[in-house]
Amino acid sequence: MQDVSARRETMLGFQPPAIGDEEIAAVAETLRSGWLTTGPRAAELERRMAEYLEAEHVLALASGTAALHLALVALGVGPGDEVITTPITWPATANVVVHTGATPIFVDVRDDDLNIDPARVAEAVTERTKAILPVDLAGQPCDLDPILALGVPVVEDAAHAAESRYRGRKVGSIADATCFSLYATKNIAAGEGGLIATNDAEVADAVRDLRLMRRGDGSRYDIPVPGYKANLSDVLASIALVQLDKVERHAEIRAQQFALYDDAVAELDGVKPLARDARDAHALHLYVVRIDPERAGATRDEYQRALADENIATSIHFLPVHLLTYYRERFPDQETLPVGERAGAEVLSLPLSPAHSDDDIGDAIAALQRVHARFTG
Ligand SMILES: Cc1ncc(COP(=O)(O)O)c(C=O)c1O
C-alpha cells in the first residue's frame, strides 16, 4: 500500500517526457539512414499530421515559436500593423509579433477558461489590425467562431492543443494558420519542433520559401525572399512520428490523471480547475488550478513553495505577458487587464504526464491535500 501521509522521497517532475524504446529505435534508425537534416521523415510527419489535423497543408518547422513567426510573416504582418493577442500565454506568442515589427495589442481573457475574450477582441479591432493571435490555453480551444467572424486573418496558437476539437472541428483545420509545438513537454513531443497547419495554399507556399532557402535544380539556387533557418531535422521528426502513434494512448493516461485531480480538488475550498467546455474536445495538456487566497488560506506562490517542499514540482501557465519587463518598458501605456492580471497571480499547474503513474498523481494529490489542510486549518 502506498503511504499517502508521507512526503515523497524523490521530486515528482512537473511534465517529464514519455519517451520509450520505440522513440529511441526511431532515432537510431534515422541516424543510420544518413538523414540528419530535413528529409523523408519530416515529409512523412507533414503528411501524417495533415491527416491527423484534417488540414490540407502541414509544414514542419524548428519550433512552435518559428511556426507562429512564419505564419505572421506569410500573412504579410509587418511594421505599422497591430496583432491582437492574449496576455495569458508563453511570451513567444507576443515576441513573434514584435519580431515582425508589428505591435501586439493585448486584450483581456475570460474568467472561466482564461482564453481571449471574443467580445474584447471585437472592441480592439482597428484599421491597423492585420491578424488575431488567440491561444488554446491548456488544451481548451479558444472561442474561434466569433473571432473568425470579425473577418481578420486568425493565426491560432495551438501549442497546447494537438488533440483538440472546437465544436466538432479539428483544431488545425479552422483558422487561417494554426501553429503547434513539439517542445519537450507537449502532447506530441520531439524535444524541439513546430508545425503550421493551413488550408490556404498561399500561406503554405510562403512558409516553404521562408523556412529554408529554396533549392533550385541542383546546379542553381535562388531565393524569392530572405528566408529564415526554421526547418525541422529528420532526427526530431522521427521522434514526433512515434509520439503521434502513441497520441491516443497518452491522452487516455492524461484523461485518467485529470479525473483523479477533478475528484480531489472538488473537495478543496478555494482550489478550482480552469473551465473545460463540454462542446469541445480538450487536449488535456495542462491541469491548471486557480488558488483563491481568501478561501485557500494562502497565495499561489505559497502553495507552490509548500508543494516544492513536499517534493512536488509545479509550474505557472502563465504570468501575464504585458507585465513582463520588456513589455512593460516597451509599451508603458498598456491598459490594465484585470481578469488576466488576477489569474496570473492565481494559476498553478499540477504534475501531468503519461510518464507518471496513478500513484505519482496520488502523491501530488496527497501533498496538495496536506498543504491545503495546513493553510486552511
Ligand atoms: C502557448 C505557447 N505558445 C508558443 C509556445 C512556443 O513553442 P516552442 O517552445 O516550440 O517554440 C509555447 C511553448 O512552448 C506555448 O506554451
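Visitor: What separates the centres of domain 1 and domain 2, and over which atoms is that taken?
Guide: The separation is 25 Å, taken over C-alpha atoms. Domain 1 is 21–245 and domain 2 is 247–376, bounds that come from an automatic or database domain assignment. The model is predicted: local features need pLDDT of at least 70 and side-chain atom pairs 80 or more, while totals for chains, interfaces and linings use all residues. Residues are numbered from 1 along each chain as its sequence is written, and side-chain values use heavy atoms, without hydrogens and water.

Visitor: What makes residues of domain 1 and domain 2 count as being in contact?
Guide: Contact requires heavy atoms within 4.5 Å. On that basis, 42 residues of domain 1 touch 37 residues of domain 2. The two domains bury about 3,200 Å² between them, 59% of it on carbon and sulfur atoms; this is the accessible area (1.4 Å probe) lost on putting the parts together, summed over both.

Visitor: Why is the pair R254 and E163 called a salt bridge?
Guide: The term needs a side-chain nitrogen of Lys or Arg within 4 Å of a carboxyl oxygen of Asp or Glu. R254 and E163 are 2.9 Å apart, N to O, so the pair qualifies. Between domain 1 and domain 2 the count is four salt bridges.

Visitor: How do you know where the largest pocket lies relative to domain 1 and domain 2?
Guide: Both domains give residues to its lining, so the largest pocket lies between them. A pocket is an open set of points on a 1 Å grid over the protein atoms alone, where a 1.4 Å probe fits, with protein on both sides within 12 Å along at least five of seven lines; lining residues have an atom within 4 Å of a point. By that rule 28 residues line the largest pocket, with W90, H160, S181, Y183 and K186 nearest its centre. Its space is about 480 Å³, the volume filled by probe spheres set on the points, which are joined across faces, edges and corners.

Visitor: Which elements give two or more residues to the lining of the second largest pocket?
Guide: They are β3 (103–106) and α5 (118–124), named as DSSP runs numbered from the N terminus: helices are H or I, at least four residues, and strands E, at least two. β3 supplies four residues, the largest share. The second largest pocket holds about 380 Å³ and has 18 lining residues, among them I105, F106 and Q334. Each domain contributes at least three residues to that lining.
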